[in-house]
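Open your viewer and get ready to click around. We'll go stop by stop, with something to select at each one.

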Amino acid sequence: MQYKPKNPTISLHISPQMWQSFRESMLTAKTNNEEVIGFFFCERQQISRYQIRYFPLVWVVPSPDCYEEQLTHGLVLKQSFHLYLLKTYVEEQRLHIVHIHTHAGGETPNFSWIDDHHESHYAKFISTYSKSKIRFISGVFDRFLQQSQFRIWDRKGEFCQSVFFHNSWFENKDCLTVNNEKDLRFDRQQVFGESLQKQLGQLTVTLIGCGGIGAIFAELLGRLGVKNWLLIDPDRLETVNLNRMPAATSRMAQNRWYKVHYVKGLIKNIYPQGSHVKAIATSIENYSSQREIAQSDLIVVATDNHRSRQLSQELALKYMRPLMCLGTHIEIRDKMPRMYCRISVPPLGGGWCLMCGNIINLQQAAMEVAPNEIQHLAISAGYLEGINDPAVFWLNSICASTGVGIIQGMISGFLDLKEGLDWIYHFPSSNWLKTDVEYMTTSNCYFCANHPE
Ligand SMILES: [Zn+2]
Ligand SMILES: [Zn+2]
């Protein structure tokens, strides 16, 4: 077996929720010690010259009656069933095939020479079966479906290349080298473990909206250890912002600093060296480089309009990146202030989203991009909120700091977000309302519905 050098990095990304269902189904299908097989059918995304990702839309674990024989040394699917899979997912939907099988042991499995032989033939077969450039990826797991190895075959069945497998919210980048110099800045949080600090240091966060919530969020997550940022916001600092932007000065407002440059300054204050911050002073609608967003590990949207949140959600779904949405709302009713903040993290890869979860209003999103005359009409009719919504530093801080806590929980694993999260804080009752996300899952959302199994 030869491995070709200098190819782009190839990875397979399966959402935690999909992986859990698949794994349970595989373990159930396995009655004794025999091998089990399963399939994923994937879309391919070229993220850059050096990076290609595969995302499954569908998974299939054949039931025992789909096999000709089921023995410890190999499995043969019934031909009719196999052809049905190929016709439906490869021919009609042009999805790439991932074939997964298990080996009997509990340690990290290796592909056997029988695997090499069969897979090489299969890769050739697929290239003759389909004219569109369908690729074949194979994975082998131990009997518990924990340890694995993945590889992708060329269309001649001659070469294969290793594939990185990710089934969590964030990519495990342990393969990268990090300098092990002890950073005293994090001395008081080392109780959370070296691995958290390392992962934070390698994380790249896209922040859409660098206003009252976004700026605090960046300051807090920066202090926790995140050094790599992509900042997107078209607005400039104004005097009216000074009640809620940490360390912002009148002079910055007078000089009309872009908010992205001001937030970049916050990060650079923490990390004069060793940080990478790209500041883009444009709106997400005009920002053409989706690839840069696709390359980041997390998208955080903290804007004051529905349209940009909708676009952020669409990008998060398209590139299967985790999304966090932060917002606050203040209203006065009968002289009584009611204040809310909301943190929403839709599940990775779909299930529910900002649109079907009614966290943003699509009508309002459409209105926000409507021509000026229509907008004026909408405002006078009460359909659009004013731009100068009330906002205070302390409420924004509750929102931003809870968001940062959730990210820490996602990375460390002490928060289970498989089905997503939607928390709403209400003040002065000082209650956290947690939406039961189990009931938010939809099967027919235009934006996020998962394809049927
Ligand atoms: Zn095998
Ligand atoms: Zn949805």
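## Stop 1

Select helix 4 (residues 194-202) together with helix 12 (residues 393-412): they pack at an angle of about 115°, with their axes 10 Å apart. Helices here are DSSP runs of H or I with at least four residues, strands are runs of E with at least two, and both are numbered from the N terminus. The axes are lines fitted to C-alpha atoms, for helices over the stretch in contact, and the angles run from 0 to 180 degrees between N-to-C directions.

Helix 4 and helix 12 are therefore roughly perpendicular to each other. On this scale, angles under 35 degrees count as roughly parallel, over 145 as roughly antiparallel, 65 to 115 as roughly perpendicular and the rest as oblique. The crossing of these two, helix 4 and helix 12, is right-handed.

Now show side chains: Leu196, Gln199 and Leu200 of helix 4 make the contact with Gln408, Ile411 and Ser412 of helix 12. Contact means heavy atoms within 4.5 Å.

A quick note before moving on. This is a predicted model, in which local features need pLDDT of at least 70 and side-chain atom pairs count only at pLDDT 80 or more, while totals for chains, interfaces and linings use all residues. Residues are numbered from 1 along each chain as its sequence is written, chains are lettered from A and ligands numbered from 1 in the order in which they are written, and side-chain values use heavy atoms, with hydrogens and water left out.

## Stop 2: another helix pair

Next, select helix 5 (residues 212-224) and helix 7 (residues 259-270), which pack at an angle of about 20° with their axes 10 Å apart. That makes helix 5 roughly parallel to helix 7. Helix 5 passes helix 7 in a right-handed crossing.

## Stop 3: zinc, ligand 2

Click on the zinc ion (ligand 2). Which residues coordinate the zinc ion (ligand 2)? Cys353, Cys356, Cys445 and Cys448 do, each through its SG atom, at 2.2 to 2.4 Å. Donors are N, O and S atoms within 2.8 Å of the metal (3.2 Å for Na, K and Ca); water is not among the atoms, so sites may look incomplete.

The four donor atoms around the zinc ion (ligand 2) subtend angles of 107 to 112°, so the arrangement is tetrahedral.

Cys356 lies in the loop between strand 17 (336-345) and helix 10 (362-368) and Cys445 in the segment after strand 19 (431-434), so the pair ties together parts that are 89 residues apart in sequence. Cys356 is partly exposed at 23% relative accessibility, and Cys445 is buried at 10%. Buried means under 20% relative accessible area, exposed over 50% and partly exposed in between (1.4 Å probe, protein chains only).

## Stop 4: zinc, ligand 1

Jump to the zinc ion (ligand 1), coordinated by His101 (NE2), His103 (NE2), Asp115 (OD) and Asp115 (OD) at 2.0 to 2.3 Å. The four donor atoms around the zinc ion (ligand 1) subtend angles of 58 to 152°, which makes the arrangement irregular. His101 sits in strand 7 (residues 96-102) and Asp115 in helix 3 (residues 113-129), so the pair ties together parts that are 14 residues apart in sequence. His101 is buried at 3% relative accessibility, and Asp115 is buried at 11%.

## Stop 5

Select Phe427 and Pro428, which are joined by a cis peptide bond with omega about 15°.

Then find Leu145, whose phi is near 55°, a positive value in a residue other than glycine. Is Leu145 buried or exposed? At 2% relative accessibility, Leu145 is buried.

Finish at Asp334, where phi is near 50°, also positive in a residue other than glycine. Asp334 is exposed, with a relative accessible area of 76%.

Methods: Four donors count as tetrahedral if all angles lie between 85 and 135 degrees; four count as square planar and six as octahedral if opposite donors are over 155 degrees apart and all others between 65 and 115; anything else is irregular. A crossing is left-handed if the near helix is turned anticlockwise from the far one by less than a right angle, and right-handed if clockwise.
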